[in-house]
Amino acid sequence: MNASHPGWAPPRSETRSPHMVSPFMAQGTATLPAEPRAGWLGEAAAAVTAVSPLAVTPRPLVHRSARTRPVYGVCVHTTGSGPAITGRKTGKEPITVALDYYFGPEGLGPHYVIGYDGTIYAVCDEGRVAWHAGWQPIGGKARWASWTAPAWWSSVWRPWNAATPADLLPPGASDPNQVYIGVELLADQTGWGFTEEQYDSLARLVLDVAWRHGITIPAAPSPRLLGHEDTNPIGRETKGVGGWDPGAHRTDPKFSWARLWSRMQALHGGSGGQAGPPAGGGAISSFEALLRSLFGAAGTLGSVLGVTEAAAAFAGGERNSDRLTDLIFHARHPERGGRPIARGETQCANEWLWIRDNVVRPALGRAAASAS
Ligand SMILES: [Zn+2]
């Protein structure tokens with residue numbers, strides 16, 4: 001291989017705009033609350049950068065206070081209709097409008113945004129506190145002491161022995177932002193309309209987060225995987241209808257936890273029961289699941305051809321990243337008949353490098369980490 005090849009990266013359509021437009025202005029009550037511009041946790045020692053390997057990082061990550069509590073779960077959001085409506089008015093891609101906002105000076109935003117095509121965009125390091133579901137604007141944790149749950153909320157959470165959102169958090173946590181990884185789903189002009197690709201990427205991302213942070217997710221929803229409407233049914237409720245962010249608990253559901261859960265189960269191997277990190281010991285299926293999961297981030301590469309062959313080689317003891325990459329690359333390109341990549345075949349070389357660096361090496365690293 002020619003080591004001078006630049007790394008392959010998925011093509012990106014968004015361009016940076018000098019003009020920040022809030023994507024949230026268009027949905028009536030669907031405005032994000034004002035949250036503090038300075039972290040209230042204090043700046044702890046710099047955390048190690050933690051970004052899902054499934055995500056692309058289109059811009060420098062926003063800088064936030066270091067998270068001081070372990071990640072407890074994932075909080076799912078809709079961006080609301082704003083990005084799609086503003087995009088139509090300005091001719092910008094809705095994802096660009098959303099990213100302009102999340103990377104903008106307001107400072108409000110999640111850890112990840114998932115575009116219509118399933119691309120996962122990293123906004124904030126998981127080791128830092130993103131401002132996506134905070135209680136500070138409604139009065140903090142104490143607010144729940146004088147709150148009575150509406151039926152749509154308590155029907156979901158009473159079985160979990162939760163009377164208020166404060167009961168969903170782990171002991172000691174005082175704000176959802178301290179413990180949840182925030183994921184925004186880019187919505188269409190209705191404020192919802194999530195695509196199959198978004199469900200698929202969300203499922204992969206949730207499993208990836210769970211795995212890397214050692215979380216077991218017992219159900220969807222559950223305190224480990226829920227929506228903004230679950231953690232803030234004051235700010236995310238449409239009275240008489242239910243929640244709107246992302247809109248799972250309402251008379252006209254706009255988001256389906258069952259659909260996400262079945263996708264997670266399928267990705268996890270269809271074992272039934274609990275989703276979560278692939279079990280230790282199942283090295284073959286785990287490595288194959290890893291490869292598939294990592295390929296899932298590519299989107300543009302689409303195919304997962306070669307994953308089965310590489311997993312079989314791994315099971316046979318192969319740990320050389322170049323040889324495993326060769327197996328995947330040549331399975332994807334049967335027309336080559338195994339012919340090595342020649343000087344000048346830049347596109348093939350870049351694809352090979354991308355597979356090695358973004359799929360095979362991370363998979364080997366994680367397999368080694370989970371085996372130790
Ligand atoms: Zn939200």
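# Strands, helices and their labels

Guide: In this predicted model, Thr-78 has Leu-185 of strand S4 as its bridge partner.

Visitor: What makes S1 and S4 a pair?

Guide: Pairing needs at least two bridges. Strand S1 (residues 73-78) is joined to S4 by 6 bridges, so the two count as paired. They run parallel.

Visitor: How do you know that S2 and S4 pair, and in which sense?

Guide: There are 3 bridges between S2 and S4, against a requirement of at least two. The sense of this pairing is parallel. Within it, Tyr-112 has Val-183 of S4 as its bridge partner.

Visitor: What joins S2 to S3, and how do the two run?

Guide: Again 3 bridges, but S2 and S3 run antiparallel.

Visitor: Why is strand S4 said to be largely enclosed?

Guide: The cut-off for a buried residue is 20 or more other C-beta atoms within 10 Å of its own. In S4 (residues 180-185), 6 of the 6 residues are buried, so the strand is largely enclosed by the rest of the structure.

Visitor: Which residues of S4 point one way, and which the other way?

Guide: Tyr-180, Gly-182 and Glu-184 point one way, and Ile-181, Val-183 and Leu-185 point the other; all are buried. In a regular strand, side chains alternate between the two faces of the sheet.

Visitor: What makes H2 largely enclosed?

Guide: Its count of buried residues is 9 of 9, so H2 is largely enclosed by the rest of the structure. The buried residues are Pro-94, Ile-95, Thr-96, Val-97, Ala-98, Leu-99, Asp-100, Tyr-101 and Tyr-102. Their cover includes H1, strand S2 (112-114) and strand S3 (120-122).

Visitor: Why are H1 and H2 called roughly perpendicular?

Guide: Helix H1 (residues 82-90) and helix H2 (residues 94-102) pack at about 115°, with their axes 8 Å apart. The perpendicular class covers 65 to 115 degrees, and H1 and H2 are therefore roughly perpendicular to each other. Their crossing is right-handed.

Visitor: Which residues make the contact of H1 and H2?

Guide: From H1 come Pro-83, Ala-84, Thr-86 and Gly-87, and from H2 Pro-94, Val-97 and Ala-98. By class, 5 are nonpolar, 2 polar and none charged.

Visitor: Why are H8 and H9 called roughly antiparallel?

Guide: The axes of helix H8 (residues 307-315) and helix H9 (residues 321-332) cross at roughly 155° and come within 8 Å. The antiparallel class is over 145 degrees, and H8 and H9 are therefore roughly antiparallel to each other. This crossing is right-handed as well. On the H8 side the contact is made by Val-307, Glu-309, Ala-310, Ala-313 and Phe-314, and on the H9 side by Leu-324, Leu-327, Ile-328 and Ala-331. These divide into 8 nonpolar, no polar and 1 charged.

Visitor: Why does Val-307 count as buried?

Guide: Val-307, in helix H8, has 23 C-beta neighbours inside 10 Å. The cut-off is 20 or more, so Val-307 counts as buried.

Visitor: What is Val-307 in contact with, leaving aside its neighbours within four places in sequence?

Guide: Val-307 is in contact with Glu-288, Leu-291, Arg-292, Phe-295 and Ile-328. Arg-292 is 15 residues away along the chain, with 6.9 Å between the C-alpha atoms of Val-307 and Arg-292.

Visitor: How many helices and strands are there in the protein?

Guide: There are 10 helices and 7 strands. Of the 372 residues, 46% are buried. Among contacts between residues at least 6 apart in sequence, 71% join residues at least 24 apart.

How values were computed: Residues are numbered from 1 along each chain as its sequence is written. This is a predicted model: local features need pLDDT of at least 70, side-chain atom pairs count only at pLDDT 80 or more; totals for chains, interfaces and linings use all residues. Axes are lines fitted to C-alpha atoms, for helices over the stretch in contact, and angles run from 0 to 180 degrees between N-to-C directions. Helices (H or I, at least four residues) and strands (E, at least two) are DSSP runs, numbered from the N terminus. Angles under 35 degrees count as roughly parallel, over 145 as roughly antiparallel, 65 to 115 as roughly perpendicular and the rest as oblique. A crossing is left-handed if the near helix is turned anticlockwise from the far one by less than a right angle, and right-handed if clockwise. Two residues are in contact if their C-beta atoms, placed from the backbone, lie within 7 Å. Ala, Val, Leu, Ile, Met, Phe, Trp, Tyr, Cys and Pro count as nonpolar, Asp, Glu, Lys and Arg as charged, and the others, Gly among them, as polar. A residue is buried if 20 or more other C-beta atoms lie within 10 Å of its own, exposed if 12 or fewer, and partly exposed in between; C-beta atoms are placed from the backbone.
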